[in-house]
Amino acid sequence: MSHLNYNHLYYFWMVKKSGSVVRAAEALCLTPQTVTGQIRALEQRLNGSLFTRVGRSLEATELGELVFRYADKMFSLSYEMLDLLNYQKDAATLFEVGIADALSKALVSRVLLSVVPGDASMHLACYESSHDDLMNRLREHKLDMILSDCAGESLKYPEILSKKLGECGVSFFSSESYPVAFPACLEAAPLLIPGRRTSLGQQLYRWFDEQGLKVSILGEFDDAAMMKAFGYFRRGIFVAPSIYRQEILSHGMHLLGETCDIKEEYHVMFAERMIQHPAVKRLLATDFAELFAGRDRQVQASI
């Protein structure tokens, strides 16, 4: 095989990744007919079918799966090359970070501020979403790094590296105090807690069962700031990382109790290619022990 049209191969790769000719055509700004024609030309060059139709869906043939594995390596490497060239040549180094919406934004801000210089030599771009969406965007080279409350997904992908930055216990707060001891007092009013799909939410539900608590859930929140806002408006008992205790108490809230049986964890995940990014290098070399022990005054002052 003396020549291969790499545009045809790229169109095939896009169709396989998106699962649809129509979606691939939209991403490529081409008509579906054009994409289909280019894939047929590639099939003729390879002397075999790359897709077979099953109902309304396209499934890759055995040849298609083989070609895709090689194409995926090729185009993934090309994106890595562009990423490296872009952040090395720009006047201001671009640093695109994904933040899981379940995390406390003040602590995330403190982590990022500790590694991003204040001399305008780096351009920080933050994107907030669910952990699953962030992992997909990281693997598609749309993010340089993500901060999340769990790292399990990163273990599935050898090209993704992860590091646990720290952890802290949680405390329960309310606009009212209750005469019943903790944790039984959590049955006295509706609860505002993180969503079930978050690591913290899952831990809470297990802990309630272990403690034999019959709690009433008023609301579940993926956004920690929104959950706390509901609590400030006297809408129930809410939970927050214990390192924010003093700040929350300063808003007139009552501390009902705290536990280290439940921990909010902070993990950083990044593609292996980003290990030389200046912000990633600084983050990996930074000790956040004071931050997660609640002894960092800047965190409490910035919430």
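Predicted model: local features only at pLDDT ≥ 70, side-chain atom pairs only at ≥ 80, totals over all residues.
1. Contact here means heavy atoms within 4.5 Å, and buried means under 20% relative accessible area, exposed over 50%, and partly exposed in between, with a 1.4 Å probe and protein chains only. Helices (H or I, at least four residues) and strands (E, at least two) are DSSP runs, numbered from the N terminus.

2. Residues are numbered from 1 along each chain as its sequence is written, and side-chain values use heavy atoms, with hydrogens and water left out.

3. Which residues of helix α8 are buried? In α8 (residues 224–232), they are Ala224, Met227, Lys228 and Gly231. They lie on the same side of α8 because they cover an arc of only 95° around the axis; the arc is that of the directions from the helix axis to the C-beta atoms.

4. Just after α8, Arg234 has a positive phi of about 60°.

5. Helix α1 (residues 6–18) packs with helix α2 (residues 21–28) at an angle of about 125°, and their axes are 8 Å apart. The contact involves Tyr10, Tyr11, Met14, Val15 and Ser18 of α1, together with Val21, Arg23, Ala24, Ala27 and Leu28 of α2. Axes are lines fitted to C-alpha atoms, for helices over the stretch in contact, and angles run from 0 to 180 degrees between N-to-C directions. The two helices, α1 and α2, are therefore oblique to each other: angles under 35 degrees count as roughly parallel, over 145 as roughly antiparallel, 65 to 115 as roughly perpendicular and the rest as oblique.

6. Is Thr198 buried or exposed? Thr198 counts as buried, at 5% relative accessibility, and is found in the loop between β7 and α7 (199–211). A polar atom of its side chain lies 2.7 Å from the backbone oxygen of Gly195, and the side chain of Thr198 also reaches the backbone nitrogen of Gly201 at 3.0 Å. Leaving aside residues up to four places away in sequence, Thr198 touches Ala102, Asp149 and Asp222.

7. Ser250 is placed in the loop between α9 and β10 (254–271). Ser250 is exposed, with a relative accessible area of 57%. A polar atom of the Ser250 side chain lies 2.4 Å from the backbone oxygen of Glu247.

8. Some backbone features remain. Phe182 and Pro183 are joined by a cis peptide bond, with omega about 10°; Pro183 is in the loop between β6 (160–174) and β7. Cys29, in the loop between α2 and α3 (32–46), has a positive phi near 60° and is exposed at 70% relative accessible area. Asn47, in the loop between α3 and β1 (51–54), has a positive phi near 60° and counts as exposed at 72% relative accessibility.

Terms used. Polar contact = N/O pair within 3.5 Å; in protein donor to acceptor, adjacent residues only side chain to side chain.
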